[in-house]
Amino acid sequence: MADDTIDTIQAAGCVLWRRSPVDGELQICLVHRPKYDDWSHPKGKLKRREDPLAGALREVEEETGYTAVLGAPLPLLRYLVAGRPKEVRYWAAEATDGHFTPNREVDRVLWLSPAEARDRLTMPRDRDLVGALLAALHLT
């Protein structure tokens with residue numbers, strides 16, 4: 001009997017946040033992926049045997065240019081991609097330093113209020129992560 005986890009795409013990402021340099025309000029970073037023309041949280045497939053925590057931080061840095069400090073784990077998302085199951089582990093992560101440079105995978109980033117981020121996210125499943133972040137930061 002085959003092990004189902006072998007067929008499951010494993011990925012990790014973060015709901016990246018910071019305090020606005022202007023007014024100190026919470027901002028959430030969203031990435032625009034031109035290949036899919038969508039807005040999402042930074043995430044990506046794990047490399048073989050890669051620790052999900054390390055993979056989440058790697059993806060944040062690759063896609064946004066920011067380093068981050070991991071916080072609370074957020075809900076695991078499961079969905080199908082071209083008929084294959086995919087699991088994405090998420091963490092809250094505070095942006096610490098960096099600068100965005102457009103690249104092949106991500107051509108734009110936006111720092112938005114939680115309400116604006118919810119409205120901008122393309123996939124409904126990603127919207128729930130905004131509420132999970134606010135709960136993790138004790139802001140709900």
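At 17% relative accessibility, R58 counts as buried, where buried means under 20% relative accessible area, exposed means over 50%, and partly exposed lies in between (1.4 Å probe, protein chains only). This is a predicted model, in which local features need pLDDT of at least 70 and side-chain atom pairs count only at pLDDT 80 or more, while totals for chains, interfaces and linings use all residues. Residues are numbered from 1 along each chain as its sequence is written, and side-chain values use heavy atoms, with hydrogens and water left out.

The structure holds 5 salt bridges, a salt bridge being a side-chain nitrogen of Lys or Arg within 4 Å of a carboxyl oxygen of Asp or Glu. Among them, R58 pairs with E50 at 2.8 Å, N to O, with E59 at 3.0 Å, and with E62, where the closest N and O atoms are 3.2 Å apart.

Because R58 and E62 are 4 residues apart in helix α2 (residues 52–64), about one helical turn separates them; helices here are DSSP runs (H or I, at least four residues), numbered from the N terminus.

## Cysteines

With a disulfide taken as a pair of cysteine sulfur atoms within 2.5 Å, the count comes to 0 disulfides. C14 is in no disulfide, and the nearest cysteine sulfur, that of C29, is 11 Å away. C14 counts as buried, at 0% relative accessibility.

Key: Helices (H or I, at least four residues) and strands (E, at least two) are DSSP runs, numbered from the N terminus.
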